Amino acid sequence: MAGSNPVSAILIVIITIFFPPVGVWMIAGCGADLFVNICLTILGYFPGHIHAFYLEYVYFDRRSQASMGNMAVKRAPGVYSDNVNSGGRTTYGTVTA
């Protein structure tokens with residue numbers, strides 16, 4: 001969902017500052033990461049922020065690594081979304097698209 005230009009990254013960060021689950025939804029979609037972030041935001045506003053910014057860091061870091069040709073082989077700890085772990089790159093088996 002998130003584009004590769006810096007403006008989209010800045011917009012996601014601004015949205016995350018105001019409502020962390022929306023930022024998580026934009027990069028991870030509707031799944032376990034979103035559910036965890038909603039629970040953390042309900043339990044405390046700052047834990048939701050920490051989780052959201054961690055997911056965004058992993059997403060954009062993996063995205064920049066993939067653009068340089070380095071695909072991460074290990075999953076990031078605490079990240080359940082394949083979209084975040086791959087940096088938004090779709091993989092088909094062992095071939096990257």
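A residue counts as buried when its relative accessible area is under 20%, as exposed when that area is over 50%, and as partly exposed in between. In this predicted model, Tyr59 has a relative accessibility of 1% and is therefore buried, whereas Phe60, at 22%, is classed as partly exposed.

These two residues also belong together through their rings. A search of the whole structure returns two aromatic pairs. In one of them, the rings of Tyr45 and Phe46 have centres 6.5 Å apart and planes at 70 degrees, and because an angle over 60 degrees counts as edge-to-face, the pair is assigned to that class. Of its two members, Tyr45 is partly exposed, with a relative accessible area of 37%, while Phe46 reaches 64% relative accessibility and counts as exposed. Tyr59 and Phe60 make up an aromatic pair that is likewise edge-to-face, with 5.0 Å from centre to centre and 85 degrees between the planes.

Helix H2, covering residues 20-28, packs with helix H3, covering residues 32-43, at an angle of about 170 degrees, and their axes lie 9 Å apart. Since angles over 145 degrees count as roughly antiparallel, H2 and H3 are described as roughly antiparallel to each other. On the H2 side, the contact is formed by Pro20, Pro21, Val24, Trp25 and Ala28, and these meet Asp33, Leu34, Asn37, Ile38 and Thr41 of H3.

How values were computed: Residues are numbered from 1 along each chain as its sequence is written. This is a predicted model: local features need pLDDT of at least 70, side-chain atom pairs count only at pLDDT 80 or more; totals for chains, interfaces and linings use all residues. Side-chain values use heavy atoms; hydrogens and water are left out. Rings of Phe, Tyr and Trp (its six-membered ring) pair if their centres lie within 6.5 Å; planes under 30 degrees apart count as stacked, over 60 as edge-to-face and the rest as tilted. Buried means under 20% relative accessible area, exposed over 50%, partly exposed in between (1.4 Å probe, protein chains only). Axes are lines fitted to C-alpha atoms, for helices over the stretch in contact, and angles run from 0 to 180 degrees between N-to-C directions. Helices (H or I, at least four residues) and strands (E, at least two) are DSSP runs, numbered from the N terminus. Angles under 35 degrees count as roughly parallel, over 145 as roughly antiparallel, 65 to 115 as roughly perpendicular and the rest as oblique. Contact means heavy atoms within 4.5 Å.
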